[in-house]
Amino acid sequence: MSANSPKSPARSRVLDTATRLFYAEGVHSVGIDRIIAEAGVAKATFYHHFPAKDSLVKAYIEEQMRLQQTAVEELAAGGPREKLLAVFDRMGQIGALADFRGCPFINAAAEYPDPAHPVRQAVEEYRGWFRTLMRDLLAEAGDADPERTAGLLMLIRDGLAIACDLDDAATAASFVRDAVLRVLDGAKAAA
């Protein structure tokens, strides 16, 4: 069975345990034996679902992407501009939580610098999805250059994730709506 196989209770426990530990402590600092012990599974069960630690890390990144996609779908917003603002407002709220420890995608990318590595490719898949989401919403809102504006919003997204982890999270989160509005209004004025 591969990391993409249907979820069994044991696989879910392993992934949930790994998610908690990877996010709190970093991917490379958490060993397989610890995950196995804390998940309460046998070593053979772990390797049945995840042939190697990297396959577990990739599954963790893919699960984080799925969760973010679901969260975006569940946002109750009006038009495309309101949805863009709602996405960034929600990111600011998450970044201000006491247990926020940065973006799981940025964190994983820092630990897997090789762009050809499957974990890094999963991070890039997430980033491509988010950039496309921004571009499509911007195009729907009538942005004159949605690709460029989406790039600017990616910079804000990354900056927000890092600032909420390294700086005062409440202050960083309080800037996000203003930054997004300035980009959206600046793009409108440039058109």
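**Exercise 1. The lining of the largest cavity**

Sort the residues that line the largest cavity by class: how many are nonpolar, polar and charged?

*Solution.* The lining has 5 nonpolar, 2 polar and 1 charged residues. Keep in mind that this is a predicted model.

Step 1. List the residues. They are Phe22, Gly26, Val27, Tyr60, Pro104, Asn107, Ala108 and Glu111.

Step 2. Apply the class rule. Phe, Val, Tyr, Pro and Ala count as nonpolar.

Step 3. Find the main contributor. Helix 6, residues 104-111, gives the largest share of this lining, with 4 residues.

Step 4. The largest cavity holds about 30 Å³ of space. The count of cavities of 30 Å³ or more comes to 1.

**Exercise 2. The largest pocket**

Which helix gives the most residues to the lining of the largest pocket?

*Solution.* Step 1. Start with the volume. It is about 720 Å³ for the largest pocket. Its lining has 26 residues, and Gln64, Gln68, Ile94, Phe100 and Pro104 are the closest to the centre.

Step 1. Name the helices. At least two lining residues come from each of helix 1, helix 4, helix 5, helix 7 and helix 8.

Step 2. Pick the top one. Helix 4 gives the most, with 6 residues.

Step 3. Check the classes. The pocket lining divides into 18 nonpolar, 5 polar and 3 charged residues.

**Exercise 3. Phe22 and the core**

Which residues touch the most other members of the largest nonpolar core?

*Solution.* Step 1. The core has 58 residues. Phe22, Leu56, Phe88, Phe130, Met134 and Leu153 touch the most other members.

Step 1. Trace the core to its helices. Among those that each supply at least two residues are helix 1 (9-25), helix 4 (53-74), helix 8 (146-166) and helix 9 (169-190). Helix 7 gives the largest share, 10 residues.

Step 2. Look at Phe22 itself. Leave out residues up to four places away in sequence. Phe22 then touches Val27, Val30, Ile35, Lys53, Leu56, Val57 and Tyr60.

**Exercise 4. The annotated domain**

How much of residues 8-68 is helix, and how much is strand?

*Solution.* Step 1. Read the record. An unreviewed UniProt entry annotates residues 8-68 as "domain: HTH tetR-type".

Step 1. Turn to the model. This stretch is 79% helix and 0% strand.

Step 2. Compare the ends. The end C-alpha atoms are 22 Å apart.

Definitions and conventions. Residues are numbered from 1 along each chain as its sequence is written. This is a predicted model: local features need pLDDT of at least 70, side-chain atom pairs count only at pLDDT 80 or more; totals for chains, interfaces and linings use all residues. Side-chain values use heavy atoms; hydrogens and water are left out. UniProt positions are given in the numbering used here, feature names are shortened, and annotations may be inferred rather than shown by experiment. On a 1 Å grid over the protein atoms alone, a cavity is a set of points where a 1.4 Å probe fits but cannot get out, and a pocket is an open set with protein on both sides within 12 Å along at least five of seven lines; lining residues have an atom within 4 Å of a point. Grid points are joined across faces, edges and corners, and a volume is the space filled by probe spheres set on the points. A nonpolar core is a set of buried Ala, Val, Leu, Ile, Met, Phe, Trp, Tyr and Cys residues joined through side-chain atoms within 4.5 Å. Buried means under 20% relative accessible area, exposed over 50%, partly exposed in between (1.4 Å probe, protein chains only). Contact means heavy atoms within 4.5 Å.
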